[in-house]
Amino acid sequence: MKNILVVDDSALMRRVLCDTINSDERFHVQDRAANGLEALDLLMKNTYDAVILDVNMPRMNGLELLKELQDRKIPARVMMVSTDTCEGAKTTLDALDLGALDFVHKPGTAMDCRTDDFKKQLILTLSAVVDSRLQTFSRTTPVREIIRANAKTTGTPIRQPKEISGNKIVALASSTGGPKALQSVIPRLPKNLKAPVVIVQHMPVGFTASLAERLNSLSEVHVKEAAEGDVLEPGNVYIAMGGKHLNIVTDAGKYKIHYTDEPNREGVKPCANYMYESLRESRFDQVVCVVMTGMGADGTKGIMNLKEKKKLHVIAQEAETCAVYGMPRSIVNAGLADQVVPLGLIAQEIIMNVGVR
């Protein structure tokens, strides 16, 4: 049985979260804390399989706790409970930057947290976090400094892309651990990349716009939350909107974003399988599929179906660099991966396969 620490300043919310967690025989709430200061004291003395952490709390909030864990190098698997406001989305991304692994959207009232949908999402996310690689917090280097350092060296010789012909697209899928992992990929792509990049990152409504804004501020390529009817252009990155399924369609000879509203697939919405399958009838000469950190198997079925019609090059993230080795493992086990690549080299392999203008 996995031991969990629940941190929330609302006594009612703590009770609701604890009841839900304890209802699953795999988990047990070992301790509770009303703020980050109480949680820090517990984390200095005890080890937990996962920590469920609120953001807004008195004395020490969630972000301040994450920073303390960094400074003190205290390992923990942390999962945030967050609101879906614009401000809440940005704060959640800050938490993911600081080492939190994933988050669930917390409804406005405790009553709403008793719904089957919230309970299911809480347990599903918690199970992924519990099974993730243990995060040993250390003082993080600003992303811009990491990018600057990687421009000089990646630890291996950087191959120069040879002349690459053909019309290509990059289709990337990620889930748990993805928002932070994407910061090691998208900012390393050049603005003259010879292909558009389309991303399905599993996130709820209200969070993908903030993710796109953050990546755009760090990148040479232009990054945006994909809007209905967007025309795909080389050197641009389009992130699927939370709560809808992203498809690529052909209209008057141009490739455009089109959203559909089918039920959840693989338990998620957006689902990468729809993105991949929508490319079956496209005229792209090759689809470069990239599958990164995440729970479950989203992407596998879609790539299988796409492979029946299109020439593919499939890149799977290496296990040791994944927060959760679920989606890439499924790709590898299905025999679909052409390459298994550490996170820090994924951008380079994308460039090698699609080229620059």
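**Reading the loops, helices and cores**

Tutor: Glu 266 lies in the loop between S11 and H9. Helices (H or I, at least four residues) and strands (E, at least two) are DSSP runs, numbered from the N terminus. This is a predicted model, in which local features need pLDDT of at least 70 and side-chain atom pairs count only at pLDDT 80 or more, while totals for chains, interfaces and linings use all residues. Residues are numbered from 1 along each chain as its sequence is written, and side-chain values use heavy atoms, with hydrogens and water left out.

Student: Which peptide bond is cis?

Tutor: One joins Lys 269 and Pro 270, with omega about 15°. Pro 270 is in the loop between strand S11 (254-260) and helix H9 (272-278).

Student: Is Ala 252 buried or exposed?

Tutor: Buried means under 20% relative accessible area, exposed over 50%, and partly exposed in between (1.4 Å probe, protein chains only). Ala 252 is exposed, because its relative accessible area is 75%. Glu 266, at 44%, is partly exposed. Gln 286, in strand S12 (residues 286-291), has 7% relative accessibility and so counts as buried.

Student: Which residues is Gln 286 in contact with, beyond its neighbours within four places in sequence?

Tutor: Contact means heavy atoms within 4.5 Å. With those neighbours set aside, Gln 286 touches Asn 167, Lys 168, Ile 169, Lys 311, Leu 312, His 313 and Asn 353.

Student: At what angle do H2 and H3 pack?

Tutor: Axes are lines fitted to C-alpha atoms, for helices over the stretch in contact, and angles run from 0 to 180 degrees between N-to-C directions. Helix H2 (residues 36-45) and helix H3 (residues 62-72) pack at about 30°, their axes 10 Å apart. That makes H2 roughly parallel to H3; angles under 35 degrees count as roughly parallel, over 145 as roughly antiparallel, 65 to 115 as roughly perpendicular and the rest as oblique. The contact includes Leu 40 of H2 and Leu 65 of H3.

Student: Which residues touch the most other members of the largest nonpolar core?

Tutor: A nonpolar core is a set of buried Ala, Val, Leu, Ile, Met, Phe, Trp, Tyr and Cys residues joined through side-chain atoms within 4.5 Å. The largest has 60 residues, and Leu 66 and Ile 186 touch the most other members.
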